[in-house]
Amino acid sequence: MFFCKNSFFFTYKKSFFYICISVNLSNFITFLAQIGFHHCVFFQKTLKFLPDMQLTNRAKQVSNTQMTFAEKIYLPAIVTGLGITIKHFFKKKVTIQYPEQQRPMSPVFRGLHVLKRDEEGRERCTACGLCALACPAEAITMVAAERKPSEEHLYREEKYAAVYEINMLRCIFCGLCEEACPKEAIFLQNDVIAPAFHSRDEVIYGKDKLVEPLKK
Ligand code: SF4
Ligand code: SF4
């Protein structure tokens with residue numbers, strides 16, 4: 001009988017039918033058991049005696065009272081909200097029209113660097129390299145040069161920085177270069193900030209941008 005084509009097909013179909021019935025039946029029994037468990041009186045009573053599990057103490061008991069007529073039409077709430085808005089019209093404005101208006105900087109603000117000149121207009125920097133050594137961001141590079149006799153009116157010391165560059169992308173404005181300088185040559189200004197830039201070349205500040213302009 002098993003080798004007969006029709007019988008084999010019949011046996012296969014019958015097995016499949018029984019498997020489906022038994023799977024569905026077991027699912028149905030599980031479903032009924034779950035409903036019974038959730039709705040049984042014992043389960044509900046046990047839940048009532050369990051302590052309230054709260055992750056924070058900010059839980060609020062939501063009132064389930066009916067809304068009053070005033071609450072239903074929302075008008076008092078709208079009027080209260082408008083009142084708060086109108087009250088702010090007459091208060092002192094905290095915003096300013098930047099960049100036309102600017103707030104005063106804090107006296108301890110650390111802004112853009114400046115390489116200072118002495119009273120005679122000579123560059124103070126002697127290219128000792130201490131600022132570069134102190135810089136945690138390795139933002140300072142320089143090339144030292146010997147002062148010529150004809151340049152005494154330009155540079156205060158016998159050695160000067162022929163090239164002095166600060167990479168403003170690296171700089172974190174910590175002020176350590178200012179503290180390390182023995183010649184009081186480099187300072188971070190408290191009223192000038194580094195301007196915005198559009199290319200990487202613009203953020204390498206050389207002597208043309210760093211050295212203090214000559215006083216007239
Ligand atoms: S302010 Fe700080 S990070 Fe910037 S150049 Fe000076 S030492 Fe380096
Ligand atoms: S800025 Fe000051 S610390 Fe830096 S190289 Fe010049 S003299 Fe030295």
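Tutor: The shell around ligand 2 divides into 10 nonpolar residues, two polar and one charged. Here Ala, Val, Leu, Ile, Met, Phe, Trp, Tyr, Cys and Pro count as nonpolar, Asp, Glu, Lys and Arg as charged, and the others, Gly among them, as polar. That shell holds 13 residues, and the closest are C125, C128, C131, C181 and I186. A residue is near a molecule if its C-beta atom, placed from the backbone, lies within 6 Å of it.

This is a predicted model, where local features need pLDDT of at least 70, side-chain atom pairs count only at pLDDT 80 or more, and totals for chains, interfaces and linings use all residues. Residues are numbered from 1 along each chain as its sequence is written, while chains are lettered from A and ligands numbered from 1 in the order in which they are written.

How confident is the predictor? pLDDT is its confidence in each residue, from 0 to 100. The protein has a mean of 84, and 79% of its residues reach 70 or more. Residues 1–12 stay under 50.

Next, the fold. Along the sequence the pattern reads α-α-α-α-β-α-β-β-α-β-β-α.

Three of the strands form an open sheet in the order β2-β3-β5, with antiparallel pairing. β2 (140–146) and β5 (204–205) are at the edges with a single partner strand each, so one side of each has no neighbour in the sheet. Strands pair if DSSP finds at least two bridges between them. β2 and β3 (residues 159–167) have seven. One of the partners is V163 in β3, which bridges to V143.

Last, burial. A residue is buried if 20 or more other C-beta atoms lie within 10 Å of its own, exposed if 12 or fewer, and partly exposed in between, with C-beta atoms placed from the backbone. Buried residues make up 11% of the 216 residues. K216 counts as exposed because it has 3 C-beta neighbours inside 10 Å.

How values were computed:
pLDDT = per-residue confidence, 0-100. Contact = placed C-beta atoms within 7 Å. Helix = DSSP H or I, 4+ residues; strand = E, 2+ residues; numbered from the N terminus.
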